[in-house]
Amino acid sequence: MRLLVVEDDRDINRQVVNALEEAGYVADKAFDGEEGGYLGENEPYDAIILDMGLPKADGVSVLQKWRRAGIKTPVIILTARDRWSDKVDGFDAGADDYVTKPFHMEELMARVRALLRRAAGHATSQIACGPVVLDTRSGRVFVDGNPVKLTSHEYRLLSYLMHHTGRVVSRAELTEHLYDQDFDRDSNTIEVFVGRLRKKLAVDLIQTVRGLGYLVDPSQPAPRV
């Protein structure tokens with residue numbers, strides 16, 4: 001999963017980006033509304049954390065522009081403003097959630113997980129497909145109840161596919177969502193990580209759809225957890 005953090009306070013921006021990366025996400029950052037607005041409009045993020053009090057363009061204006069452009073990326077507003085009217089303005093502009101500063105990082109990460117789950121149509125922190133269970137809260141993966149050790153890249157790839165069960169995901173889409181904007185992207189590396197995942201999981205979970213990409217089939221019977 002790839003996220004964007006738009007926050008002008010460099011300490012908060014760094015802390016949020018670090019927390020996201022430690023949780024297994026890829027995070028890009030921007031420090032003003034102009035740059036953040038451009039990235040949010042032109043890069044395929046899975047979610048955006050957006051401060052309201054930004055220089056060059058305030059967060060509500062940036063969010064309104066995204067929504068007018070038809071961008072449906074889930075957005076969490078992050079702000080020091082705690083008046084109910086500010087919250088109403090944020091939600092009416094198109095925000096999906098709202099976190100008031102100061103905040104606990106654990107709460108923000110929980111809200112990110114919930115937002116991504118809801119966007120993908122999942123109700124709980126555990127996503128199950130056949131014998132494979134991905135626990136988004138702990139960042140762990142289990143097969144038949146046994147933990148499987150994955151690298152950060154392998155986990156990101158599996159997480160993205162399991163969040164989007166039932167549809168074919170192209171190599172290009174995976175590359176866009178698994179690496180930040182500065183990474184030298186090569187879609188061939190996706191094949192390498194898929195091969196490693198198949199060996200480690202040792203189950204027929206990830207299907208190759210020739211010429212299109214990869215598919216995780218949600219019709220497989222769920223495991224007993």
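Which residues have the most contacts inside the largest nonpolar core? They are V16, L20, L108, L158, L174 and L205, and the core they sit in has 49 residues. Apart from it lies another core, of 19 residues, among them V6, L39, I48 and Y98. A nonpolar core here is a set of buried Ala, Val, Leu, Ile, Met, Phe, Trp, Tyr and Cys residues joined through side-chain atoms within 4.5 Å. Buried means under 20% relative accessible area, exposed means over 50%, and partly exposed is in between (1.4 Å probe, protein chains only). In soluble globular proteins, nonpolar side chains tend to be buried together.

A quick word on what you're looking at. This is a predicted model, where local features need pLDDT of at least 70 and side-chain atom pairs count only at pLDDT 80 or more, while totals for chains, interfaces and linings use all residues. Residues are numbered from 1 along each chain as its sequence is written, and side-chain values use heavy atoms, with hydrogens and water left out.

**The annotated part**

An unreviewed UniProt entry puts "domain: Response regulatory" on residues 2-116. That span is 48% helix and 21% strand, and its end C-alpha atoms lie 11 Å apart. The unreviewed entry also marks D51 as "modified residue: 4-aspartylphosphate". UniProt positions follow the numbering used here, feature names are shortened, and annotations may be inferred rather than shown by experiment.

So where does D51 sit? Look in strand β3, residues 47-51. Helices (H or I, at least four residues) and strands (E, at least two) are DSSP runs, numbered from the N terminus. D51 counts as buried because its relative accessibility is 4%. Skipping neighbours within four places in sequence, D51 is in contact (heavy atoms within 4.5 Å) with V6, E7, D8, G59, L78, T79 and K101.

**Strand β3 and its sheet**

Five of the five residues of β3 are buried, so the strand is largely enclosed by the rest of the structure. In a regular strand the side chains alternate between the two faces of the sheet. In β3, A47, I49 and D51 are on one side, I48 and L50 are on the other, and all are buried.

β3 belongs to an open sheet of five strands in the order β2-β1-β3-β4-β5, with parallel pairing. Two strands pair if DSSP finds at least two bridges between them. β2 (26-30) and β5 (97-100) stand at the edges with a single partner strand each, so one side of each has no neighbour in the sheet. The twist averages 20° from one strand to the next.

Here are some strand pairs, including one from another sheet:

| Strands | Bridges | Direction |
|---|---|---|
| β1 (residues 2-6) and β3 | four | parallel |
| β3 and β4 (residues 75-79) | four | parallel |
| β6 and β7 (residues 132-135) | four | antiparallel |

Zooming in, L4 stands opposite I48 in β3, I49 stands opposite I76 in β4, and V6 has L50 in β3 as its bridge partner. Helix α3 packs on this sheet, touching β3 and β4, and its direction makes about 150° with that of β3. Axes are lines fitted to C-alpha atoms, for helices over the stretch in contact, and angles run from 0 to 180 degrees between N-to-C directions.

**The other sheet**

Four strands form an open sheet in the order β6-β7-β8-β9, with antiparallel pairing. Its edge strands are β6 (126-129) and β9 (146-148), each pairing on one side only. Helix α6 (residues 152-163) lies across β6, β7 and β8 (140-143), running at about 105° to β7.
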